[in-house]
Every structure is written in structure tokens, then in C-alpha cells.
Amino acid sequence: MKKKTPVTKNDELTATITDLTYQGMGVAKIDGYPLFVAGALPGEQVKLHVLKADKKYGFAKAVEYLTTSPERVAVGKKELVQTGIAPLQHWAYPAQLKYKRKLVVDLLQKAHLSHLEVAQTVGMDEPRHYRNKAQVPAREYQGQLTTGFFRRGSHNFIQLEDYEIQDPRIDEVILAVRDILREFNVPAYNEEKHTGVIRNVMVRRGHYSGEVMVVLITRTKKLKGAAEISAKIQEQCPDVVSVQQNINPDQTNVILGKTTKVMRGRNYIQDQLNGLTFNISAQSFYQVNPVQTEKLYARAVELADLHGDETVIDAYCGIGTISLSLAKAAKKVYGVEIVPQAIEDAKENARLNKLDNLHFEVGTAEETMKKWADNGIKPAVIVVDPPRKGLTADFIEAAAKTAPQKIVYVSCNPATLVRDIERFGEQGYSVKRPLEPFDQFPQTTHVESVTVLERTEK
Ligand code: SAH
């Protein structure tokens, strides 16, 4: 027999929000049954209309706020809360920092690791306008090519001009590019019909250098007026040192396609991090919050505690940002990364900074770690900075086989971090100092952190 849920669709009820999910949804518990409420904050008493009631949880809409949280802040633009760009914008920044710490604490508790401590989240002094990169969709809106964003969890397009969390110069360049594309009558991409040309506009800007890269992501190889368009972009925005076209012919949510062509200028921009210079190309990963990244990397290097004679591995090294920071204090650094263009950048970056004690390889971290272990490489420290899905059991096994004293784990997803801490535990590694969250993504629900795992004698 179907078990009855405490509420059913279209019920109206009043409840108090007690928590916020990792996606930023308010949670109200009705006899232990969680109802998720977009936009509602902890402590708020809300009149709810149930939209959907599944077996284990439901969704409700806030129809009226009977009380509001003292931590609620006025939002200039509600679109920014509705999109995935700044879903926590209506919540005071100190509350956001506490919430990010709590997400880590709760995950540890669920994994029976509540004895591990978590430091306060390191936040920004000015938690806005921080992003050095934007990838905005272009769609036809009111008869013309328009840039904006999608409503969260949907493909409903919202027109935007001020993105709040991006470097303001990036917002300006997006608008200049939009206007030039309009002038040349370049059609925007149409997702349903898979027609049109411009899918996305990507803009990157060096925080210190001020150099700007514009990438037009197109469905088609042909971009009518390409030469004139790119010339006009540089003419109107003299700080643009690179204009590129990336071609993505597929019906996919993945933004970048495989082929990138330089339309004008260079194929990279340059920027600095903690005094090191980096070339960054269109396809390479580069941390989006330069102010916080300097703090995060400085801390990761400090925690590695090198004295000049160590071998170090930097797995998931990207363009070598962490590798180069480590190389200054190590004998030799090995880096591995899956994107070939990023490894080209990493090698060039070592040369640019006159460092000759680095070795970079293109490959999967899993296979390369195993190879290095088989070849008898004995690192004192392994730094890992994997994507959201975290490490694999194979990687962890291979890493442990090389018997480093320490693993410095930079994580952008606390759920996989906690899982990996457990797996490292089985290999004789444990966490002895507090996990340290860093707020790389203010106004969003993303949580970055750095954790040290130390070898306990086996
Ligand atoms: N440490 C770098 C990059 C971190 S992002 C920095 O802070 O800038 C994670 C990186 O892992 C990305 O560059 C991504 O391309 C790479 N990557 C993803 N899966 C991988 C895999 N299986 N093996 C190696 N690298 C991978």
C-alpha cells in the first residue's frame, strides 16, 4: 500500500524554515518530512503552497512571509536569485560563510567523522564583482540577439546586463560584443531547433594585467563577417588582446566545442597569481576568483610545508598554478592534467617564471598516478585539486602506494571530499588539523576547502 505523505499537492500550510540545502533551497520539516522552498531562509515563518509531494520529500512555494530573517538582505535584481549566477544574493554575507562551514560539518557528521574540526570559512572583504570569467548564453529575445542567463534548473532565458558577481569590465565587454553581433545581424542560437550561430560569449579578464579574451562560441564553422566583427571588438575594447572562435556543432549543454580558432590577437591572456605569471588559453581551467585563489594557494603551499629537497606531485594541475607555487620550495614537481592545451600552458608557464624543476604530463590523474607509483616515484607531498566528482578509489590506492607524508586536498565539492577522506583512511591517512573552507564563490552555494591528510604509521 502507498504510504501517505504528511502533505499532498495543493495543500496550504504555515511552517518555519529550519535549514538550507546545499543547493540553497529553504527546508521546512512537516512531521519529519522535508519540504523544499525556493527563496526562503532559515528562521523565516512562511505560508506555503505545496507544489509537489514525492515519497520522501516535496516542494512548496512561499506565498507569504509571516516573518523574515534578520539576515535577509534587499536584492537589487530578483533575476540574480532566480538564475544560477547568484542564488544566495538575498542572504547576508556572514550568514553565507557560516552556512558553507555548516555544509561541511553536516557532511562529516553523516559520515561518522564528526570528530574532525572545520575552521571558519575564509571570506572576501568585497564579495561582489569577483569573477574573472563569464560564459553567457546568447539567445534571440524580442527579435534580437541578447545575452543573459537561464532561470535555475531550466532553459528559460533571462536577459541580463549587470551580472553582479563578474568583474564589471567583463559585463561591459559582453554588451559591446552583443551590440556588434547585432550590428552584423549574426543570428543567436536556437536550442529547440538547433539553428542560429552564436551559442555563448565567453570573456576572461586578467585581474592584475587587465588583458581581456573574447571567445565567440558558434554552432557553425562559418561566421559571416568574422574579420570585421573581431576588428570591431578590438577597436571598441582596446583591452581585448585575444578574439577567438570556438565551434560547438553538437546538441549539448557542454559550452565549449573541440575546435578553437584565433580571429585576432593572441590565443591566450596573461595574468599573475601570488607574484607568478601565467598564460591562460581559452580551453584551460583557471580559478575564477583571483583574490580568494591567492589566499587558497598560499595556504595550500604553507600546509605542504616544503623545505627545498622534496619531490611533490600536483594531480589535476591545470595550467600549473599550484605546481609553480610549490616548485619554488621543492626539489622537483610532477604535474598531470587531462587537457592538452592546459599542459602546453603549464610548460610555457614554467619557462616564463624561469623554473626548471617541473615535469608536466598530459593524461588522466588515475592512470598517471599509477604509472608514477609503478616507476618508484616517492613524493613527500601529493596535492590534489580534482573536479566535482572527486578522486577515484584507484587514484587513492596508487597515491597511497607512493607513501607520501601528506596529501593536501583542494576540493570544490565537500560531498566527494568526505567520501575520499574515508577512502584515504582505509589506506592509512588521517586528518589531524581542521578542514579549511575558502569562499571562492560568494553569493552561490559552492564550497571550496583545503584539507591535509597525514600518514599514520602502518
Ligand atoms: N589545480 C588547477 C586546476 C584545478 S581544476 C588550478 O587550480 O588551476 C581541475 C582540473 O582537473 C581541470 O584542469 C581539469 O581539466 C582536470 N581534470 C579533470 N579530470 C581529470 C582527470 N581524470 N585527470 C587529470 N586531470 C583531470
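How many aromatic pairs does the count come to? The model is a predicted one, in which local features need pLDDT of at least 70 and side-chain atom pairs count only at pLDDT 80 or more, while totals for chains, interfaces and linings use all residues. Residues are numbered from 1 along each chain as its sequence is written, and side-chain values use heavy atoms, with hydrogens and water left out.

1. The count comes to 9 aromatic pairs, where rings of Phe, Tyr and Trp (its six-membered ring) pair if their centres lie within 6.5 Å, and where planes under 30 degrees apart count as stacked, over 60 as edge-to-face and the rest as tilted. One of them joins F36 and Y57 in a tilted arrangement, with 5.6 Å from centre to centre and 50° between the planes. Because F36 belongs to strand β4 (residues 33–37) and Y57 to the loop between β5 (45–53) and β6 (58–65), this pair ties together parts that are 21 residues apart in sequence. Helices (H or I, at least four residues) and strands (E, at least two) are DSSP runs, numbered from the N terminus.

2. Are the two partners buried or exposed, or in between? F36 counts as buried, at 18% relative accessibility, whereas Y57 counts as partly exposed, at 36%; buried means under 20% relative accessible area, exposed over 50%, and partly exposed in between (1.4 Å probe, protein chains only). Ring pairs also link F36 and Y57 with F59 into a cluster.

3. Another tilted pair is formed by Y141 and F157, at 6.4 Å centre to centre and with 55° between the planes. Y141 is in strand β7 (residues 133–141) and F157 in strand β9 (residues 157–159), so this pair ties together parts that are 16 residues apart in sequence. Y141 is partly exposed, with a relative accessible area of 30%, while F157 is buried, at 17%.

4. Two rings also have a charge over them, which requires NZ of Lys or CZ of Arg to be within 6 Å of the ring centre and within 35 degrees of the ring normal. The charged end of R199 sits over the ring of Y189, 4.5 Å from its centre, and K332 lies over the face of Y334, at 5.7 Å from the ring centre.

5. An unreviewed UniProt entry places the feature "domain: TRAM" at residues 6–64; UniProt positions are given in the numbering used here, feature names are shortened, and annotations may be inferred rather than shown by experiment. In the model, the end C-alpha atoms of this span lie 21 Å apart, and the span is 0% helix and 56% strand.

6. The second largest pocket has a volume of about 800 Å³. On a 1 Å grid over the protein atoms alone, a pocket is an open set of points with protein on both sides within 12 Å along at least five of seven lines, a cavity is a set where a 1.4 Å probe fits but cannot get out, and lining residues have an atom within 4 Å of a point. Grid points are joined across faces, edges and corners, and a volume is the space filled by probe spheres set on the points. Of the 24 residues that line this pocket, the closest to its centre are L20, T21, Y22, Q23 and L103. Helix α2 gives the most to the lining, with 4 residues.

7. There is 1 cavity of 30 Å³ or more, and about 30 Å³ of space lies in the largest cavity. Its lining is made by N132, R204, R205, G206, I269, D271, I280 and Y286, with β10 (198–205) and β14 (268–273) each supplying at least two residues.

8. Two residues deserve a look at their backbone angles. Most residues other than glycine have a negative phi. H129, however, has a positive phi, near 55°; H129 is found in the loop between α2 and β7 and is partly exposed, with a relative accessible area of 35%. Q443 has a positive phi as well, near 75°, but Q443 is buried, at 1%, in the loop between β22 (436–438) and β23 (448–455).
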